[in-house]
Amino acid sequence: MEDYSILPYCHYREDELKPLYESVGWTSYLRYPELLPKAYAGSLKVFAAFDGNRLVGIIRAVGDGVSILYIQDLLVHPEYQHKGIGRRLIAEMLNAFPDVNQTVLLTDDSEETVGFYESVGFQKVRQAGCCSFIRLHSYYG
């Protein structure tokens with residue numbers, strides 16, 4: 001198995017983040033270029049996966065880190081998917097906040113995505129007797 005570095009990501013760099021977001025088709029952030037730097041500035045914690053100097057994955061969380069940890073972004077470049085990088089990024093984030101009351105995320109419901117999150121210990125909100133709601137700004141419509 002190849003060894004990738006997982007490190008705190010402390011300095012926003014558009015030149016490496018933009019291609020990563022593009023590679024996975026997350027263009028909603030990119031349509032409004034002023035959003036992503038502000039989003040990163042307001043993050044609770046960010047970790048990155050590197051192959052040498054190349055950014056190949058990112059996990060970004062928001063919240064207070066005590067009562068809630070919200071995983072906002074988890075991206076792994078398609079060339080690096082299915083190599084354990086996403087799993088390692090999740091583990092790093094969860095290890096940084098071992099006593100947080102609840103960790104949540106919102107994602108698509110494809111079989112592969114659901115299977116991944118269940119394999120790292122997440123459950124669908126309805127399994128916890130909850131439901132979720134969303135209100136989207138017009139950028140995402």
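**Helix 5**

I began with the outward face of helix 5: opposite its buried side, this helix carries the exposed residues Glu111 and Glu112. I took buried as under 20% relative accessible area, exposed as over 50%, and partly exposed as in between, with a 1.4 Å probe and protein chains only. Helices are DSSP runs of H or I with at least four residues, strands are runs of E with at least two, and both are numbered from the N terminus. The model is a predicted one, in which local features need pLDDT of at least 70 and side-chain atom pairs count only at pLDDT 80 or more, while totals for chains, interfaces and linings use all residues. Residues are numbered from 1 along each chain as its sequence is written, and side-chain values use heavy atoms, with hydrogens and water left out.

Which residues of helix 5 (residues 111–119) are buried? I found Thr113, Val114 and Tyr117. Viewed down the helix axis, the buried residues of helix 5 fall within an arc of 95° (taken over the directions from the axis to the C-beta atoms), so they line one face of the helix. Their cover includes strand 4, helix 4 and strand 5, where contact means heavy atoms within 4.5 Å. After helix 5 comes Gly121, with a positive phi near 100°.

**Sheet**

I next traced the sheet, counting two strands as paired if DSSP finds at least two bridges between them. It is open, with 5 strands in the order 1-2-3-4-5 and mixed pairing. Strand 1 (5–8) and strand 5 (102–105) are at the edges; each has a single partner strand, so one side of each lacks a neighbour in the sheet. From one strand to the next the twist averages 25°; axes are lines fitted to C-alpha atoms, for helices over the stretch in contact, and angles run from 0 to 180 degrees between N-to-C directions.

I then looked at individual pairs. Strand 3 and strand 4 run antiparallel and are joined by 7 bridges, with Gly63 opposite Leu69 in strand 4. Helix 1 (residues 14–23) packs on the sheet, touching strand 2, strand 3 and strand 4, and its direction makes about 90° with that of strand 3. The hairpin of strand 3 and strand 4 has 4 residues between the strands, and Gly65 in the turn has a positive phi of about 75°. Strand 4 and strand 5 run parallel, joined by 4 bridges; Ile68 has Gln102 in strand 5 as its bridge partner.

**Nonpolar cores**

A nonpolar core is a set of buried Ala, Val, Leu, Ile, Met, Phe, Trp, Tyr and Cys residues joined through side-chain atoms within 4.5 Å. The largest has 21 residues, of which Ile59, Ile85, Leu89, Ile90 and Met93 touch the most other members. Strand 2 (45–51), strand 3 (54–63), strand 4 (68–76) and helix 4 (85–96) each supply at least two residues of this core. A second, separate core of 13 residues includes Tyr9, Leu17, Leu36 and Tyr40.

What does Ile85 touch, not counting residues up to four places away in sequence? I listed Tyr4, Ala49, Val56, Val76 and Tyr80.

**Cysteines**

I checked for disulfides, defined as pairs of cysteine sulfur atoms within 2.5 Å; the count comes to 0. Cys130 is in no disulfide, as the nearest cysteine sulfur, that of Cys131, is 7.5 Å away. Cys130 is partly exposed at 45% relative accessible area, and Cys131 is exposed at 53%.
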